[in-house]
Amino acid sequence: MKPHLPVLDAKATFVDVGSEHMHVSIGGDVPKVFGTVTAQLHALRDWLLAQGVRSVAMEATGVYWLALYGVLEAAGLEVRMVSGRQTRNAPGRKSDMQDAQWGATLHMHGLLRAGFVPPADIRRLQDYLRLRSDHVEQAASCVQLMQQALERMNIKLHDAISNLAGASGMAVMRAIVAGERDPSALLALCDVQIRRAKAELVKETLRGTWRDEHIFALEQALQSWDHYQRLIAECDRRIAAVLPPYDPSQPALPKTQKQRGANAPDIAMLREILAQMCGGRDLTQLPAHTQYGVLQLIGETGTELAKWPTEKHFTSWTGLAPGSRDSGKRKGHVKRKRNRAGRLFCMPAASLVRSKHIALGAFYRRLAARRGGLVANKALARKLAAWFWRVMVKGDDYVEKGIAHYEEQVRQNKERALRRLAKELGHQLVPSEQLA
């Protein structure tokens, strides 16, 4: 008797998502085609409910799936977003109709694994945070245009001060656009520390060729900068409205020495609100994790990290875990692409490169000496992601033990490896003290 796959759900449905058409197949039957306008999506939902469908699967194609996902989710249907690798059809059988039937057949037999989609409130926060990140990137490009305009005028202000977009740099550039040309008058607009330590250097860098076309370019860049700053401030207000209100009855958090970053959102009691969302866990205690960084991670992963059974599942989802492929005696490496959460973990990892008292910084430098900075950054980001999962799911507390403890662990591991190798070769290790 030929074995056959059991049918887990005869009404399992698959939707082949497109920009203009939705091909819907129930149980592998001939698909029905719907449009993508709102009325057609509602008609698709009503048809599925009338057919008694309980579970719908579809691929995450661009942004076209978002509207349909929201409609089906609001109707109470189980919606599974699956990877395209799971629904690959046989060669030569590629069409939207056949893809829908093949996907429904796989879903009917329970062969499609659901991907992670954050809940609706987290998706709303995620949209605001991603839009804000786009505005921050555009504002950074405006700073580059300012620097280019200053270079064309042979003004080397950015060589004298560390941050052209800081208070001193912005004050000087606005005065230049307003018509000020005297280096002493421009120096007076800088911070007192700059005037005390770099007065002559700043005045020399402010002697340039004042061409009208370059001043106009500087003025345009400043206007664009101000525009994006207003957009960022508006996003901050929307993000604050989406976040839950602060509960003053929660226990106070210990003070931290971490400073607020230049691009951090201006939201009152943000650290306390984030801890409240995470069940009282303060994720800013992790190395190099700022309030803004934790907010961005929550916007990508949500607060229910128990959906990943282990930290290895979580780091694999972020794309930070090493990829390996085993097939019989053949072993290979699979290059994994980092998602947004994985790239967010790489940012604090990069800031730990020059840390003098943190063990993870020593781990990075030791690995970078052997494998290079890119591999070391990804490996360190994986460690940070694992700690993020442990704090959120297990409630573990991160305790910094210092570089000396880490180096002692490395030494013990080397001794253990030497003893194992000596035993295999039939030799015996003798400490140098005994020989002396």
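Biologist: What separates tryptophan 65 and tyrosine 69 in helix α2?

Modeller: About one helical turn, because the two residues are 4 apart in α2 (residues 65-74). A helix here is a DSSP run of H or I with at least four residues, a strand is a run of E with at least two, and both are numbered from the N terminus. Bear in mind that this is a predicted model: local features need pLDDT of at least 70, side-chain atom pairs count only at pLDDT 80 or more, and totals for chains, interfaces and linings use all residues. Numbering starts from 1 along each chain as its sequence is written, and side-chain values use heavy atoms, with hydrogens and water left out.

Biologist: What makes the pair of tryptophan 65 and tyrosine 69 stacked or edge-to-face?

Modeller: Rings of Phe, Tyr and Trp (its six-membered ring) pair if their centres lie within 6.5 Å; planes under 30 degrees apart are stacked, over 60 edge-to-face, and the rest tilted. That rule gives 11 aromatic pairs. In tryptophan 65 and tyrosine 69 the centres are 5.5 Å apart and the planes stand at 90°, so this one is edge-to-face.

Biologist: How do you know whether tryptophan 65 is buried or exposed?

Modeller: Buried is under 20% relative accessible area, exposed is over 50%, and partly exposed is in between (1.4 Å probe, protein chains only). Tryptophan 65 has 13%, so it is buried. Tyrosine 69, at 8%, therefore counts as buried too.

Biologist: Why is the pair of tryptophan 308 and phenylalanine 314 called edge-to-face?

Modeller: Because the ring centres are 5.1 Å apart and the planes sit at 75°. Tryptophan 308 is buried at 8%, and phenylalanine 314 is buried at 0%. Both belong to a cluster in which ring pairs link Phe116, Trp308, Phe314, Trp317, Phe345 and Phe388.

Biologist: Which ring has the charged end of lysine 383 over it?

Modeller: That of phenylalanine 363, with the charged end 4.8 Å from the ring centre. The test is that NZ of Lys or CZ of Arg lies within 6 Å of the ring centre and within 35 degrees of the ring normal. Arginine 132 likewise lies over the face of tyrosine 292, at 4.9 Å from the ring centre.

Biologist: What is there to note about phi of asparagine 154?

Modeller: Most residues other than glycine have a negative phi. Asparagine 154 isn't a glycine, yet its phi is positive, about 60°. It is found in the loop between α4 (120-152) and α5 (157-160), and its 43% relative accessible area makes it partly exposed.

Biologist: What makes a space a cavity rather than a pocket?

Modeller: On a 1 Å grid over the protein atoms alone, a cavity is a set of points where a 1.4 Å probe fits but cannot get out, whereas a pocket is an open set with protein on both sides within 12 Å along at least five of seven lines; lining residues have an atom within 4 Å of a point. Points join across faces, edges and corners, and volume is the space filled by probe spheres set on them. The whole structure has 1 cavity of 30 Å³ or more, and the largest cavity has a volume of about 40 Å³.

Biologist: Which residues are closest to the centre of the largest pocket?

Modeller: The largest pocket has a volume of about 1,800 Å³. Of its 42 lining residues, Ala60, Gly115, Phe116, Trp317 and Asn339 are the closest to its centre. Helix α4 gives the largest share of that lining, 6 residues.
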